[in-house]
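Student: I would like to learn how to read a few features of this model. Could we begin with a sheet and go on from there?

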Amino acid sequence: MTIVLFTDFGGADPYVGQVKAALLECAPGVEIIDLLHDVPAFSVRSGAHLLDSLKSFFPAGSTFLAVVDPGVGGARDALALDADGRHYIGPDNGLLSVVAARSLVRRWWRVLWRPRALSASFHGRDLFAPVAGLIAAGALPPEAREEIAAPAIDFGAGDAAEIIYIDHYGNAWTGLRAAGAPRDAILLASGARISHARVFAEARPGFAFWYENGQGLVEIAQNQGSAARSLGLSVGDLVSWSA
Amino acid sequence: MTIVLFTDFGGADPYVGQVKAALLECAPGVEIIDLLHDVPAFSVRSGAHLLDSLKSFFPAGSTFLAVVDPGVGGARDALALDADGRHYIGPDNGLLSVVAARSLVRRWWRVLWRPRALSASFHGRDLFAPVAGLIAAGALPPEAREEIAAPAIDFGAGDAAEIIYIDHYGNAWTGLRAAGAPRDAILLASGARISHARVFAEARPGFAFWYENGQGLVEIAQNQGSAARSLGLSVGDLVSWSA
Amino acid sequence: MTIVLFTDFGGADPYVGQVKAALLECAPGVEIIDLLHDVPAFSVRSGAHLLDSLKSFFPAGSTFLAVVDPGVGGARDALALDADGRHYIGPDNGLLSVVAARSLVRRWWRVLWRPRALSASFHGRDLFAPVAGLIAAGALPPEAREEIAAPAIDFGAGDAAEIIYIDHYGNAWTGLRAAGAPRDAILLASGARISHARVFAEARPGFAFWYENGQGLVEIAQNQGSAARSLGLSVGDLVSWSA
C-alpha cells in the first residue's frame, strides 16, 4: 500500500508536510513516496506527460496523488481514475488524461466526498489527500464517487513535442517517447540540430545530444554540462524531428 | 506518534538526515514528517508565527522539533513546551512563544538532559533531536527537565504585521491572521494597495490580491504569477491595513 | 535496518522517488533516510570526503546507497563495501574509497548481479538500489558478488585541502579534518586569512572564521551571513594552513 505524491507544491514549502498529515490520518502507516513536487508551475500539460512517463516504476496497487491545480477554487471537478492496476486522484484539468488515454483498462469517477472544512485554496490537503488516503486504505465508501464516462479535459494519447521538464543537471525532458525513434534521427530544438548518443560517457564533451532517458522519453543532455543552459531551453519550448 | 520537523536546516543539505538518524535511535519506528526546513534563515520571529499557523494540521500528541537557532553555542536554554495537547522542543529565543501565547493550556520546561557528546554548532542533532525522540517515545526521565513559569524570550500573542514567508510560487505570507479582516479591507505592502479576492480563479490576471490562505493567514498572491517579484516583497517587509 | 541515500540525483527531481520504489520492492518496510541528494554534480572526490565525514552518525548495520556516477553507462564496475560495520554500495570511481581507506576493517566486492532491465543512464534505480535493498534485507545471494582486493580508483586516506561542499547558509566545508588543527592556525582560502572561532555566537559579525563543524571538518563560516558569497568560494577551491 503505497501513496505516490506528484504535485507542484514545491518540496521546500510547508505544504507537503500538511498533505502527509492528512494522508496518515486516513491511512495510518501507509508508505508515502515523494515522486515530484516541482512539476513546472501551472503547466498541467507537462505534468500529464511527466506522470505517464513515471507511473510504471511504482507497483500495481499504488495510489497517485496528482495535484497541479491552477484552477483551485473554481468549478473543476475532482476525479479518481483506475488505470492498468494503479489508482490516481487529481483535478479534472487534463492532468490524469494522458495516463488514462495510454492505458488498456481505465475507469473514471467524479469524487463527491467533501471534507467538513474545505479551504478555498488548498484542496490538495483538504480534499485530494483524504480521498487518496481512503482509497489506499480501501475505505472509500461507494457513495463517495460516481462513475463517469470521460473527464471534461482530455489531452489524449499523443506525444507532446515540447520540453516538459528540466532537471537540476540541466537535462531537458521532451514529451516524445523514444521507443520508435531511429537512432540516426536529428532532433531540432531552439534552433540547434541534435544527434543521438547512447550514454553520457559516449558523448563528445561540450556537445548536446539526445538519448532515451530512464523513463523512456527523448531527453536532451550534455556530458558534464547543462544542455538547457547551453541551448537556452525552457519548459514549453517546441521540439521536432528533422525531416 | 508523530514527530514534525520545523527548522532552517535547509532541505537540500546533509543536516536533516543526521537529525532523523538521531530521532530514530531514541524513538525507533516513529513517523517523521518534514514540515519546513527553510524557515527564513536567522529569522526567529517569522518562524514563531509560521509555526503557530501550521500546528493545527497535525494531530494531538504530535511532537514538534522546532530549531531556528542563530545563537547556537551561546547561553540560551533548550525548552520543552506542552500546549493544547501537542509537544514542542526548541531553543529559548522566542521560536515557541507565539504558539504558547495563543494556547489555552501550556506548560514550559527547561531541558536539563545533555548528550555524552555535544557539538558546538549542531544542537538540532545532538540535543533537540534526542529529547524530541524521548518525548515522542514517552521515555524522557522526569529529571531531564525542570518546569519553569515562562521562557526568557516571548514574542506574545499579537499578529506580526510583516511578510513572514515567501513560497516557491511567489506568494507572500503575512503574520496577520485573516479571521477578523473584512473582505473589503485594503492591504498596504511595498507601496501598493491590495484588494481581496476569494480564490486565485477569481483574481484578475496580473494583479496582486490578498486572501485567507490555507493556514488562516493573510497572504498576498497573484493569479499564475509571482506576487513577490511583481511587488518586490521580501521577508520582514512591513504590511498594514489601509485606514 | 536503515538505508541511507547519498547521491547527486537532486532532491527536487523525479529520480529519488523511483529509487525508493526500487528499494522498497527488495526490502519492504525498510527505513530510508535521505542524507544528501545534492553532492556537487560530477564531483566524485568531494562526494568521497563528504560521505566519510557523515557515516558515523548512522548506526552500525546501516546500508549506504552512494551514487555520484558521471561515468554511468561506461565500463566502471559496481562495488559493495563493508567497512567498520556499515555497508556501502556504489560505482567504482573513488566514491567509496575514502571511507574504506580510513576504516579499520574493510572488505570489497564487485557486484555481479544484474537486473532484467538495465537502462543506460539510471543505474541508481536499476542496479544499485535493488542491490542495496537485497543487502539491507539480508537477501543478496552469494553468487551476486565476488570479493576483490581493492577498487580500481582509490583516493586514499588523506585529507582534501579544498572546498567540498557549500550549504544553504553559505558555509563552506573543507575536506580537512579539524581534529589535529591548532586553534590559533590561520586558514588561507580565496586570498583571505581566516582565524578560528569556537561557535557562531563568538564570531565578529561580518567576519569569516573557521571552526570544527558538526561533522569534524574545518568549515569556513560567517555569523548571520554567507561566507561563500563574502569570500567568493566555490566547490573545488583550494585551501591551506598558513605556514
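Tutor: Note that the model is predicted. As a general idea, strands of a sheet pair through backbone hydrogen bonds, either parallel or antiparallel. In chain C, three strands form an open sheet in the order 11-10-14, and the pairing is antiparallel.

Student: Which strands of chain C stand at the edges of the sheet?

Tutor: Strand 11 (192-194) and strand 14 (239-241) of chain C do; each has a single partner strand, so one side of each lacks a neighbour in the sheet. From one strand to the next, the twist averages 30°.

Student: How many bridges join strand 10 and strand 14 of chain C?

Tutor: Strand 10 (residues 187-189) of chain C pairs with strand 14 of chain C over three bridges, in the antiparallel sense. For a place to look, find C:Ala189, which stands opposite C:Val239 in strand 14 of chain C.

Student: How do I read a pair of packed helices?

Tutor: Two packed helices are described by the angle between their axes and the distance between the axes. Take helix 1 (residues 16-26) and helix 4 (residues 123-136) of chain C: they pack at an angle of about 35°, and their axes are 8 Å apart. The crossing of helix 1 with helix 4 in chain C is right-handed.

Student: Which residues in helix 1 of chain C meet helix 4 of chain C?

Tutor: Helix 1 of chain C brings C:Gln18, C:Val19, C:Ala22, C:Leu23, C:Glu25 and C:Cys26.

Student: At what angle do helix 1 and helix 4 of chain B cross?

Tutor: In chain B, helix 1 (residues 16-26) and helix 4 (residues 123-136) cross at roughly 35°, and their axes come within 8 Å. Their crossing is right-handed.

Student: What about contacts between chains?

Tutor: The size of an interface is often given as the accessible area lost when the parts come together. Here we can count residues: the contact takes 23 from chain C and 23 from chain A. Helix 1 of chain C gives the most to the side of chain C that touches chain A, with six residues. That side of chain C divides into ten nonpolar, nine polar and four charged residues.

Student: Which domains does the assignment give for chain A?

Tutor: Chain A has domain 1 (2-148) and domain 2 (160-241) in the domain assignment. Taken over C-alpha atoms, the centres of domain 1 and domain 2 of chain A are separated by 29 Å. Their contact takes eight residues from domain 1 of chain A and nine residues from domain 2 of chain A.

Conventions. Residues are numbered from 1 along each chain as its sequence is written. Chains are lettered from A and ligands numbered from 1 in the order in which they are written. This is a predicted model: local features need pLDDT of at least 70, side-chain atom pairs count only at pLDDT 80 or more; totals for chains, interfaces and linings use all residues. Axes are lines fitted to C-alpha atoms, for helices over the stretch in contact, and angles run from 0 to 180 degrees between N-to-C directions. Helices (H or I, at least four residues) and strands (E, at least two) are DSSP runs, numbered from the N terminus. A crossing is left-handed if the near helix is turned anticlockwise from the far one by less than a right angle, and right-handed if clockwise. Two residues are in contact if their C-beta atoms, placed from the backbone, lie within 7 Å. Domain bounds come from an automatic or database domain assignment. Ala, Val, Leu, Ile, Met, Phe, Trp, Tyr, Cys and Pro count as nonpolar, Asp, Glu, Lys and Arg as charged, and the others, Gly among them, as polar. Two strands pair if DSSP finds at least two bridges between them.
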